[in-house]
Amino acid sequence: MDAVRLILTSRRALAGGADAAEMMAEVWQAQALAQAIGSRLAVSGPPELRGEALGLTELAGRGCGVLDPPELDPGDLRAAQLTQLDDARETLLCLDGLLGEVGIALVGMASAAADETTYWQCMEAIDAADESRDRVLEMLRKLAAREEVLPGDIQDSPSGV
C-alpha cells in the first residue's frame, strides 16, 4: 500500500482513539510506520535524503521501543503494509503532520497518566516523535533545495534540456 494512504489511515485512527490503550497502540503504529518510511527512503530514496532517513529510522524505532508494543494481528501492522513510496515530498509532508499529531496525543496522555511508568513512556515517546519530526523537516528542506537547483541546471545546460 502507498505510504501516503497508510499515513492518512494512521491519522484517522489516532484521531478516533477512544481510550488510552487504543491511543498508545495508534502512537506505536505511527512510530513504526515512520520507521518503515525512513528505512525505505534510506535504501531507495533520493541520495541527499539517505542520511536523514537513516536517522529517522533510528529515532522512530526508539519511539516504538519506549512504548509497550500493542497486541496486533500481523495483518493489522500498517508498517508491514508499506509497498510503495511514490512521492518522497508528499510522503514527508504527510508524515510531518502525523508526527505532530502523535506529539499532541502523547502530551494529552502524559497529562492524564494514572501512573509514573505511563507518564515517562509518554515523555520519552514525545522526544522521539519530536526528533523524528525534525528529521522529516530536514529532509523536506533538502528536497526544496534540490528543486531550486534543478531548474537552473536545466536552463544553464547547452541544449536547454
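Okay, some housekeeping. Since the model is predicted, local features need pLDDT of at least 70 and side-chain atom pairs count only at pLDDT 80 or more, while totals for chains, interfaces and linings use all residues. Residues are numbered from 1 along each chain as its sequence is written, and side-chain values use heavy atoms, with hydrogens and water left out.

So, how many salt bridges does a search of the whole structure find? Eight. By salt bridge I mean a side-chain nitrogen of Lys or Arg within 4 Å of a carboxyl oxygen of Asp or Glu.

Let's start with Arg-11 and Glu-101, whose side chains meet at 2.5 Å, N to O. Arg-11 sits in helix 1 (residues 3-15) and Glu-101 in helix 4 (residues 88-111), so this pair links distant parts of the chain, 90 residues apart. Helices here are DSSP runs of H or I, at least four residues, numbered from the N terminus. Arg-11 is partly exposed, at 25% relative accessibility, and Glu-101 is too, at 27%. Partly exposed lies between buried (under 20% relative accessible area) and exposed (over 50%), using a 1.4 Å probe and protein chains only.

Next up, Arg-78 and Glu-26 form a salt bridge at 2.9 Å, N to O. Arg-78 lies in the loop between helix 3 (50-65) and helix 4, and Glu-26 in helix 2 (residues 20-44), so the pair ties together parts 52 residues apart in sequence. Are these two buried or exposed? Both are buried.

Finally, Glu-138 and Arg-141 pair up at 3.1 Å, N to O. They're three residues apart in helix 5 (residues 116-156), so about one helical turn separates them.

Key
Helix = DSSP H or I, 4+ residues; strand = E, 2+ residues; numbered from the N terminus.
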